[in-house]
Amino acid sequence: MSRDILGSYFPILVFMAVAFGIALAAVALSFIFGPHKPDIHKNEPYECGFAPFSDARGRVHVRFYLVAILFILFDIEVAFLFPWAVALLDIGWGGFASMMVFLFVLTVGFVYEWKRGALEWE
């Protein structure tokens with residue numbers, strides 16, 4: 001029985017080996033046949049057309065981090081809402097109530113951030 005289960009994974013193993021082989025071959029072929037003539041413009045760290053203003057490892061304003069955290073927060077909220085909506089009939093009133101508590105906490109946090117001015121960009 002366990003041999004049949006392990007045997008059913010063999011096609012997946014073959015698929016992964018073929019995919020890895022194709023990816024490795026593509027990288028090797030591009031390295032072998034690709035041009036290797038770097039010039040001064042190609043070796044510059046930025047491709048935006050002008051020299052960098054300052055060091056790339058400089059300090060970043062905390063507002064960028066706050067916006068990123070808010071984006072992740074509301075992205076996770078949406079990721080939880082879709083499966084909840086699909087399984088709403090199966091989870092019953094308990095699942096509905098727990099999601100309403102979750103949404104209430106997120107709404108309170110959103111209103112708090114809004115009142116503090118975290119969403120205002122200067």
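Modeller: Take L81, which counts as partly exposed because its relative accessibility is 25%. Keep in mind that this is a predicted model.

Biologist: Where does L81 lie?
Modeller: L81 is in helix α3, residues 62-86.

Biologist: And what is L81 in contact with, leaving aside its neighbours in sequence?
Modeller: M99 and L103, once neighbours within four places in sequence are set aside. L103 is 22 residues from L81 in sequence, and their C-alpha atoms are 9.4 Å apart.

Biologist: Which residues of α3 are buried?
Modeller: R63, L70, E77 and W84. What covers the buried residues of α3 includes α4, which spans 88-116.

Biologist: What does E77 contact, then?
Modeller: F102, L103 and L106, leaving aside neighbours within four places in sequence. L103 is also one of the contacts of L81.

Biologist: How about E113, where is that found?
Modeller: E113 belongs to helix α4. E113 is buried and lacks a salt bridge as well. For E113, the nearest side chain of opposite charge is R116, 6.3 Å away.

Biologist: What does E113 touch, not counting residues up to four places away?
Modeller: L66, L70, A118 and L119. Of these, L70 is among the buried residues of α3, while L119 is found in the segment after α4.

Biologist: Is L119 buried or partly exposed?
Modeller: Partly exposed, because its relative accessible area is 41%.

Biologist: And which residues does L119 touch?
Modeller: L70, F110, E113 and W114, not counting residues up to four places away in sequence. L119 and L70 are 49 residues apart along the chain, yet their C-alpha atoms are separated by 9.1 Å.

Biologist: Change of topic. Why is α2 said to lie largely in the open?
Modeller: Because the number of buried residues among its 24 is zero.

Biologist: How far does α2 reach from end to end?
Modeller: From first C-alpha to last, α2 reaches 34 Å, close to the 34 Å expected at 1.5 Å a residue. Helix α3, with 25 residues, reaches 37 Å, close to an expected 36 Å.

Biologist: Which helix has the highest confidence, and which the lowest?
Modeller: Helix α2, residues 10-33, is highest at a mean pLDDT of 95. Helix α1, residues 2-8, is lowest at 75. The protein averages 82, and 84% of the residues score at least 70.

Biologist: What about the parts that score low?
Modeller: Where pLDDT is low, the predicted coordinates should not be read in detail.

Biologist: Zooming out, how many helices and strands does the protein have?
Modeller: Four helices and zero strands. The order from the N terminus is α-α-α-α.

Biologist: What share of the residues counts as buried?
Modeller: 10% of the 122 residues. The protein exposes about 11300 Å², with carbon and sulfur atoms supplying 73% of that.

Biologist: Last one. What share of the contacts with a separation of 6 or more comes from residues 24 or more positions apart?
Modeller: 56%. The touch between L119 and L70 spans 49 residues along the chain.

How values were computed: Residues numbered from 1 in each chain as written. Predicted model: local features only at pLDDT ≥ 70, side-chain atom pairs only at ≥ 80, totals over all residues. Heavy atoms only, no water. pLDDT = per-residue confidence, 0-100. Helix = DSSP H or I, 4+ residues; strand = E, 2+ residues; numbered from the N terminus. Buried < 20%, exposed > 50% of the residue type's maximum accessible area, 1.4 Å probe, protein only. Contact = heavy atoms within 4.5 Å. Expected span 1.5 Å × (residues − 1). Lys, Arg positive; Asp, Glu negative; His and termini not counted. Salt bridge = Lys/Arg side-chain N within 4 Å of Asp/Glu carboxyl O. Areas by Shrake-Rupley, 256 points an atom, 1.4 Å probe, with all protein chains shown as cover.
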